[in-house]
Amino acid sequence: MHGEYKVPGGKLVVADVDVSDGRLARVSISGDFFLEPDTALEDIDAALTGMPETATATQLAHAISGALDGAAMVGFGPEAVGIAVRRALGRATGWGDHTFDVIHGAPIHPALNVALDQVIPEEVAAGRRGPTMRIWEWDAPLVVIGSFQSVRNEVDREGLDRHGILVVRRLSGGGAMFMEPGNCITYSLVVPASLVEGLTFEQSYAFLDDWVLGALEDVGVRARYVPLNDIASEQGKIGGAAQKRFASGVVLHHVTMAYDIDADKMLDVLRVGREKLSDKGTTSADKRVDPMRSQTGMAREAIIEAFLQHFRSRYRTRESDYTEAELARAQELMETKFLSEEWVNRVP
């Protein structure tokens, strides 16, 4: 059995294994990595041979670490080997193992997008939909706060009322998002947990953000992943990611990148915005948070199309749209959960 894992920003690890009586046999690890001394490769193979085929990537990595004495692993590590082995065994999957539904629909109520981040994972877990990448479009302003944020600490209720803006709590952690139609680019990626098998949370962020770094390069932005969940260029932060892992075996990973945000209005509704922007001198009405617009010189629609083209060129995809059942379920959740005072003020 054959499995491969490319370390984000690192090297390729390849695992070829057999299984006999429920244990790994004839293990061969290879790749374009660097390893000193040469004999350490034999030590890795020997450490894996005899391990239970049900061993997790972490358990496999622990066995490798215990067998290596001062070896230098460059461009990869024990965890990467564990993931490659799990992929060979069919317990972990790679991007090439999936066909992704791609959705870029018409603008909808912004809170409906938040609800769809519960609905789409439910559909993927149930097998009614494949792994999905969708671009958000919305027709009204909204503040979306992280699952664990305090409403009173994050938003100014009077500012929200002045501008007629709702606040909604999402399922994932992370910080608040100030969203008006056309002011940012947001996408949600829903994948089986097998795709991030063996990765720590931090590693999974980098792994799932890797494609968008390539897409940004296509539009002239040299970006990088900044732990734990930021995407930045030499000019500073472009956007941030958030993630939710469901017990059903599905992972929701979504990213918001600022296109052209009215900083004055954001400062009026987000308390966190005042603190975060205080060291940037962004205090007057003529200031904007616009890394994607200013760094690319492109219209938002053109950037999104470039992103979609990059995703399609990199992975197997099929064009899709929300089903009537998905929209109906999302509408129900929006009204009964995501716009309810009980959910929004879960952390007052």
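Q: Why does D21 count as exposed?
A: The relative accessibility of D21 is 80%, and a residue is called exposed when its relative accessible area is over 50%, buried when it is under 20% and partly exposed in between, with a 1.4 Å probe and protein chains only, so D21 counts as exposed. The model is a predicted one, in which local features need pLDDT of at least 70 and side-chain atom pairs count only at pLDDT 80 or more, while totals for chains, interfaces and linings use all residues. Residues are numbered from 1 along each chain as its sequence is written, and side-chain values use heavy atoms, with hydrogens and water left out.

Q: Where is D21, and what is its phi?
A: D21 sits in the loop between strand 2 and strand 3, where strands (E, at least two residues) and helices (H or I, at least four) are DSSP runs numbered from the N terminus. Its phi is positive, at about 55°, although D21 is not a glycine. Most residues other than glycine have a negative phi, and most peptide bonds are trans.

Q: Why does R26 count as exposed, and where does it lie?
A: R26 has a relative accessibility of 62%, and therefore counts as exposed; its place is in strand 3. R26 is not a glycine either, yet has a positive phi of about 45°.

Q: What makes strand 2 and strand 3 a pair?
A: Two strands pair if DSSP finds at least two bridges between them, and 7 bridges join strand 2 (residues 12–20) to strand 3, so the two are paired, in the antiparallel sense. Within this pairing, V14 has S30 of strand 3 as its bridge partner.

Q: What makes strand 1 and strand 3 the edge strands of their sheet?
A: The sheet is open, with 3 strands in the order 1-2-3 and antiparallel pairing; strand 1 (2–6) and strand 3 (23–31) each pair on one side only. From one strand to the next the twist averages 20°. Helix 3 (residues 78–88) lies across strand 1, strand 2 and strand 3, and runs at about 145° to strand 1, where axes are lines fitted to C-alpha atoms, for helices over the stretch in contact, and angles between N-to-C directions run from 0 to 180 degrees.

Q: Why do strand 12 and strand 18 stand at the edges of their sheet?
A: Strand 12 (224–226) and strand 18 (316–319) each have a single partner strand, so one side of each is left without a neighbour in the sheet. This open sheet has 8 strands in the order 12-13-14-15-11-7-6-18, with mixed pairing, and its twist averages 25° from one strand to the next. Strand 14 (residues 236–245) and strand 15 (residues 250–258) pair in the antiparallel sense over 7 bridges, with Q243 opposite H253 of strand 15.

Q: Which strands does helix 11 touch?
A: Helix 11 (residues 300–314) packs on the 8-stranded sheet and touches strand 6 (99–103), strand 7, strand 11, strand 15 and strand 18, its direction making about 20° with that of strand 11.

Q: Why does H98 count as buried?
A: H98 has 12% relative accessibility, and so counts as buried; its place is in the loop between helix 3 and strand 6.

Q: What joins the side chains of H98 and T93?
A: They are joined by a polar contact of 2.9 Å, a term for a pair of N or O atoms within 3.5 Å, where within protein one must be able to donate a hydrogen and the other to accept it, and residues adjacent in sequence count only if both atoms are side-chain atoms. Leaving aside neighbours within four places in sequence, H98 is also in contact (heavy atoms within 4.5 Å) with residues including P131, P192 and R316.
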